[in-house]
Amino acid sequence: MAKMRPGMGQWVGFAGMIERKGYERGRRMKVKSVWVLWLALWMSPLQAQEKVLHVAFSASETGFDPVQTSDLNTAAVEQQLFESLLTYDYLARPAKLVPRLAATMPSVSGQGRIWTFTLKKGVYFSPDPVFQGRKREVTAADVVYTLMRFMDPKNRSPYKFLLEGKIEGLDERADQARVTGHFDYDTPVAGLTVLDPWHVRVHLKTTDYDFGHAMAQPMMGIVAREVIEAYAGDTASHPVGTGPYRLGRWVRSARIELIRNPNYRSEVWHFSPGNDPENQRVAAQMEGKTLPRIDRIDIQIIEEAQSAWLSFGKGELDILGIPAQFSPLALSGDQLRPEWVRRGIRLDRIVEPAIAYYFINQQDPLLGGMTPARIALRRAIFLAMNDGEMMRVIDKGQAIRTTYPIPPGVAGADAQYQSLLNYDPELANQLLDAYGYRRDRTGYRLQPDGKPLEVRYTTGLSSQDRELDEVMKKSLDRIGLRFSSNKLKFPDIIRAERQCQIQFRLSAWIADYPDGDNFMQLWYGPHTHENNASCYQDPEWDRLYEQTLTLPDSPRRDALYHRLARRLELYGVTKVSTSALRNVLSQPWVLGYRAHPILPSVWNYLDVEERHEATP
C-alpha cells in the first residue's frame with residue numbers, strides 16, 4: 001500500500017512552535033531550510049513512493065529453478081524473475097509471439113530446422129553475491145547452457161519434452177550422461193552454436209515451425225552457469241534472472257515477495273490495441289510509461305477461497321480470479337453485478353485455453369493394466385462421472401463441457417468431437433457386471449477374484465476439494481464402487497504424480513503455447529515421471545504421436561490427433577471433462593490489466609494508483 005505523507009498541519013505547528021521560542025535568527029534559517037526541504041519532498045511525484053501490487057495464489061509454489069518446475073503458480077513468479085528469448089504480445093488476440101530477451105524475432109531457415117537468435121545488448125542478471133559486486137551481462141553462452149540443463153538427467157525436468165528429440169546432438173549428450181552420471185556442459189553440442197556473444201544458432205533434427213513457442217515459455221528463462229553451480233542442491237531457493245523483478249522475502253507456502261531488479265533495463269509500454277474497446281482503455285492508461293511501474297509484488301498463499309474472496313472485498317488484494325463457488329456473488333449471467341460496478345471494480349472474462357481431465361494411473365496395481373477387465377473398470381469409472389453436475393456444483397456454471405484433449409482456441413481443437421465416455425451410469429454398471437465385478441452384501445463391488453475393490457481419489461485440502469470429494473463419492477456410489485479420499489498439499493500431489501503414485505485424479509492443464517502438441521504430449525510414454533501423470537505406456541500411441549511432431553497444423557495432423565484421442569478413451573486412460581471460464585476482478589486503482597490466454601502473469605505490464613477505501 002502506498003505510504004501516506006504526514007499531514008501539513010502538524011508540520012506547520014512544529015515550525016511555528018520553534019518560531020515562538022524566540023530562537024536566534026541563524027536557528028530560524030535552519031528551520032526554514034528544513035521546512036523547504038520537507039516541502040520539496042512532499043511535492044515530489046507519486047512515483048517516488050513505493051507501489052505495491054497484492055495478489056494471491058490458491059496453492060503453494062514449488063521452488064524457483066525454472067528447469068524443475070511445472071505448476072502454473074510457480075510459472076507466474078518465474079515469468080517475472082527470468083526472461084525467455086521470446087514472449088507473447090500483451091494485447092494481441094490470438095496470441096502472437098514477440099521478442100523478449102531476443103532483440104528481434106529469430107531468423108528461420110533450412111525449412112524450419114535452423115533458428116538463429118540475436119540477443120539484446122546491455123541486459124544484466126539481477127544482483128547476487130555470486131557476481132562479487134560486478135554487473136553480469138547475458139550472452140549467447142548462457143542461452144546454450146540454459147537449454148542444455150533441460151536434458152541433464154539429474155534435473156528430471158518436467159518440460160524436457162520441449163527439447164527432447166529436437167536439437168542435433170543434445171539427446172545423445174543426455175544419453176551419455178545417463179551412462180556416466182555426469183552431463184558434459186563444456187563440450188559443444190552440434191545443434192547449439194555460439195556465433196558470437198550476441199548470436200546463437202539452434203539446429204533442429206527435423207522441421208519445426210513451432211519451435212518459437214518453446215522458446216517463449218517461462219521455464220525457458222535464461223540462467224547463469226556460475227549461479228547454478230554456486231547453489232547446487234538448492235537452486236530452487238536462489239533464482240537469479242534478468243526479469244523486471246527479483247525474489248525478496250520468501251516464506252514457503254505462505255508468502256512470496258518480488259522486488260524491482262535494479263539492473264533491469266528501461267522499457268516502454270507499447271502495444272497495439274486494435275479495435276478492441278477494452279484494449280483501447282488499457283492502452284490509454286499505460287501507453288508510453290516506462291516499465292516496470294510497480295516496486296513490489298506481494299503474493300499471499302491463500303488456499304481457502306473464502307479467505308481470498310473476503311480479502312479482495314476489503315481491498316486487501318488487487319487482482320483476484322473469482323473462485324468458482326463465489327461467482328454467483330459477483331456475476332449475473334456473464335456480467336458483473338451492479339454493486340461491484342459501482343465500486344469501480346472491473347471484470348475480465350475469457351475461456352481458458354485449458355482442459356480439466358480425469359486420469360487413472362495405468363501402472364496402478366488395482367486399476368492399471370491392459371486386461372479387458374481392467375479396461376472395463378476404468379471406462380466404467382469415467383462413465384460414472386457426471387460432468388453436468390461437476391459444472392453446476394464445483395464450477396458454479398463457470399465452465400463449458402469439452403470432450404477433446406485440445407481445448408477451444410488452440411490449434412488442433414475440434415468442437416465437433418463426440419466422446420465415447422459421456423455420463424452413462426447404466427452402461428457403466430453393465431460393463432462392470434459383464435466383467436465379473438459382482439456386488440457384496442453391502443452393495444459395493446468386488447474384484448473379479450473376490451478381493452476388495454476401492455477407488456482412491458487424490459485431491460487437495462481446500463473447501464472446494466471437499467465439495468469435489470462429495471461429488472466423486474456420489475458418482476462412484478452409482479456404480480457400486482467404494483470411494484476413499486487421499487488428501488495432499490499441492491506440491492505433494494505433483495511429486496506423487498511424477499512417481500506414478502496417484503491412482504485417480506481430476507487434473508487440469510493450461511496451454512503453455514497455443515498448439516495441440518502442448519496437450520497431446522501429456523500421454524506420451526517417454527514423458528512418464530515428467531508430465532504424463534497417467535503413466536501411460538503404449539508403443540502404438542507413441543508411434544502415432546511421433547508422426548504428429550513432423551507436421552504443421554493441418555488436416556493430416558488433425559486426423560492423427562483424432563486417432564490418439566480415441567485410443568485414450570478406448571483403453572480407459574483419460575476422460576476430458578471441461579474448459580473453465582476465467583473471471584478476473586481488478587480493483588479500480590489497478591491500471592492496465594487484461595487477462596492473457598497464455599502468459600501466467602502480467603504484473604510487469606501494470607500500474608497502481610493510490611488506493612481508495614473499499615466499501616464491503
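Here are some questions and answers on how a few features of this structure get their names.

The model is predicted, so local features need pLDDT of at least 70 and side-chain atom pairs count only at pLDDT 80 or more, while totals for chains, interfaces and linings use all residues. Residues are numbered from 1 along each chain as its sequence is written, and side-chain values use heavy atoms, with hydrogens and water left out.

Q: How many aromatic pairs does the rule give?
A: The count comes to 26. The rule takes rings of Phe, Tyr and Trp (its six-membered ring) whose centres lie within 6.5 Å; planes under 30 degrees apart are stacked, over 60 edge-to-face, and the rest tilted.

Q: Why is the pair of Tyr-159 and Phe-161 called tilted?
A: The centres are 5.2 Å apart and the planes make 35°, so the pair falls between the stacked and edge-to-face limits.

Q: What makes Tyr-159 count as buried?
A: Its relative accessibility is 2%. Buried means under 20% relative accessible area, exposed over 50% and partly exposed in between (1.4 Å probe, protein chains only), so Tyr-159 qualifies. Phe-161, at 5%, is buried too.

Q: Why is the pair of Trp-269 and Phe-271 edge-to-face?
A: With 85° between the planes and 5.0 Å centre to centre, the pair passes the edge-to-face limit.

Q: How do you know that the charged end of Lys-135 sits over the ring of Tyr-124?
A: That end is 4.3 Å from the ring centre. The definition asks for NZ of Lys or CZ of Arg within 6 Å of the centre and within 35 degrees of the ring normal.

Q: Why is helix H3 called largely enclosed?
A: Nine of the 10 residues in H3 (72-81) are buried, so the rest of the structure largely encloses this helix. Helices (H or I, at least four residues) and strands (E, at least two) are DSSP runs, numbered from the N terminus. The cover over the buried residues of H3 includes strands E1, E2, E8, E9 and E12.

Q: What makes E1 and E8 edge strands?
A: The open sheet runs E1-E12-E9-E8, with mixed pairing. E1 and E8 each have a single partner strand, so one side of each lacks a neighbour in the sheet.

Q: How do you know that E9 and E12 pair?
A: They share five bridges in the antiparallel sense, and DSSP needs to find at least two bridges for a pair. Arg-255 stands opposite Gln-300 in E12.

Terms used. Contact = heavy atoms within 4.5 Å.
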